[in-house]
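Please read this briefing with the sequence and the model side by side. It begins with the terms and then goes through the topics one at a time.

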Amino acid sequence: MLSPTALLDLLTGVGTTVAVCSIAIAAGMPLGLLIAAGRTGKNPILRLVCGLYASFVRAVPLVTFVMLIYFGLPAIGLAFDPLPASVFALSLNTAAFNSEIWRAGIADFSRGQIEAARAFGMTPRLAFWRIMFPQIWRKSLPPLVNEITLLIKASPAIAVIGIVDLTRKARQIAETTYEPLPAFFAAVLIYGVVLLALVAAARLLERRLSARTA
Amino acid sequence: MNFRLDVLWHEAPQFAAGFGNTVWLCGVSMILSLVLGALFLAPLTSRRPAVRRLAQAVVDAGRCIPFLLLAYIVYFALPAVGIVLNKWSAALTTLVFYNTAYMAEILRGGWVSIPVEQMETARAFGYSGFLLLRRIMLPQVLIAVGPVIGNQLIQLIKDSAFLFIITVPELTFAANYVQSYYFIPFESFLVSTLLYWILCASVELLVQRSERWASLVRRNHG
């Protein structure tokens, strides 16, 4: 059984995981939309750069990506502390995956609606925010939540640069108490609760959104 | 900065060995968990709701555990209950255990996408049990979920990078070794990320090829 102090200690790890992931998700979603805009836009150079970025980052393991940013970037003059480096790495990573989701939403969107909005005198920007975005958002919500759960599950990667997240904390407790099972089991439970709660919340939101359209 | 291409060239065998280990670890565990996932299909599609719900709960729970945490459990916690694995068997166990939950869910998705009438028709023609599974259901399920399996393989390749933390000499381990020995983190991690990119892009290409092949098969037999 886990002692109360160990449990409290474990909760600080939960705090780190939740904080870093939340910032990365909040930053990654708009960033992903921006990359998707670049990939579907008219500028050929921007299309190529954004496409290459998404393809590259999606193919690289998060651990390797975190180390590239923390250990590698100082060589070209970009040095970060571990905490900003992990937030940076997670944001850039999830943005690439989000861009793929947004892009699919944009590609599926019927041109007719945009043309109609333009015919009614809406500026392209207004047409995007008023007509296109609300519909894309609704359709993209399930895959976006799926990406959030994937990010949380990959987030222990930040431990390689010294951030003590939930997984790392569980390992520390396992090593100091010489009882690995309770600490790891508690961590598994916490991840399970967080991820299942996320999926349930998304389902609820999805139902509410589709009820509004109906 | 000056780019240490000479060191990278000198250490190419390190990277090649790490790359090779990543490939075979992921390949072998993919095949094993495909088989295990197929075995899971029986309870997942069982006619008894209790069995079905229990199997689904196990699969869902398996998909909630982060890969690194699972690797820690296999490598550090299992010895506490008397199961001691070396790093290779710990790596394979983690990969297979982790991936089986996903494979089971993917195969179940493919299974329910096939119309019930198919199975009923096959039964009416005298197919049953293993023959029904092998000749009628599994080929269709595999063709239906092929691309998803490809994506899962890419996911597995990326998750396998975590194994360097339990000192399995795969690609990220090799990159980390080279960077710490020569102090060339940028070059070293750049090479390893490029190698991952090539590997994942090849899997994607293979999936596209096999999709084309599958649609040909479907047309010829349809």
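A residue is called buried if 20 or more other C-beta atoms, placed from the backbone, lie within 10 Å of its own, exposed if 12 or fewer do, and partly exposed in between. Helices (H or I, at least four residues) and strands (E, at least two) are DSSP runs that are numbered from the N terminus. This is a predicted model, in which local features need pLDDT of at least 70 and side-chain atom pairs count only at pLDDT 80 or more, while totals for chains, interfaces and linings use all residues. Residues are numbered from 1 along each chain as its sequence is written, and chains are lettered from A and ligands numbered from 1 in the order in which they are written.

**The two chains**

- Chain A has eight helices and zero strands, and its C-alpha trace spans about 70 × 50 × 20 Å along its principal axes.
- Chain B has nine helices and zero strands, and its C-alpha trace spans about 70 × 50 × 20 Å along its principal axes.
- In chain A, 39% of the 214 residues count as buried, and in chain B buried residues make up 36% of the 222 residues.
- Two residues are in contact if their C-beta atoms, placed from the backbone, lie within 7 Å; among the contacts in chain A between residues at least 6 apart in sequence, 74% join residues at least 24 apart, and the corresponding share in chain B is 76%.

**A covered helix and the nonpolar core**

- Helix H4 of chain B, residues 67-77, is mostly covered, since ten of its eleven residues are buried; among them are Phe67(B), Leu69(B), Ala71(B), Tyr72(B) and Ala77(B).
- A nonpolar core is a set of buried Ala, Val, Leu, Ile, Met, Phe, Trp, Tyr and Cys residues joined through C-beta atoms within 7 Å; the largest one has 107 residues, and those with the most contacts inside it include Val66(A), Phe184(A), Leu69(B) and Ala71(B).
- The largest share of this core, eleven residues, comes from helix H5 of chain B, which covers residues 87-112.
- Val66(A), when its neighbours within four places in sequence are left aside, is in contact with Ser86(A), Ala89(A), Ala157(A), Ile158(A), Val160(A) and Ile161(A).

**Where the chains touch**

- Between the two chains, 30 residues of chain B are in contact with 29 residues of chain A.
- On the side of chain B that touches chain A, the elements that give two or more residues are H4, helix H8 (171-182) and helix H9 (185-221) of chain B, and H9(B) gives the most, with ten residues.
- By class, where Ala, Val, Leu, Ile, Met, Phe, Trp, Tyr, Cys and Pro count as nonpolar, Asp, Glu, Lys and Arg as charged, and the others, Gly among them, as polar, this side of chain B has 25 nonpolar, four polar and one charged residues.

**Two helices that cross in chain A**

- The axes of helix H1 (residues 4-40) and helix H2 (residues 44-59) of chain A come within 7 Å and cross at roughly 130°, where axes are lines fitted to C-alpha atoms, for helices over the stretch in contact, and angles run from 0 to 180 degrees between N-to-C directions.
- That angle makes H1(A) oblique to H2(A), because angles under 35 degrees count as roughly parallel, over 145 as roughly antiparallel, 65 to 115 as roughly perpendicular and the rest as oblique.
- The contact is made by Ile35(A), Gly38(A) and Arg39(A) of H1(A) and by residues of H2(A) including Leu46(A), Cys50(A) and Tyr53(A), and its residues divide into five nonpolar, two polar and two charged.

- Ile157(B) is found in helix H7 of chain B, residues 129-159, and it counts as buried because it has 23 C-beta neighbours inside 10 Å.
- The C-alpha atoms of Ile157(B) and Val23(B) are separated by 7.8 Å, although the two residues are 134 residues apart along the chain.
- Most residues other than glycine have a negative phi. Thr167(B), however, has a positive phi of about 60° although it is not a glycine, and it is found in the loop between H7 and H8 of chain B.
- Phe183(B), in the loop between H8 and H9 of chain B, also has a positive phi, near 55°, and it is exposed, with 12 other C-beta atoms within 10 Å.
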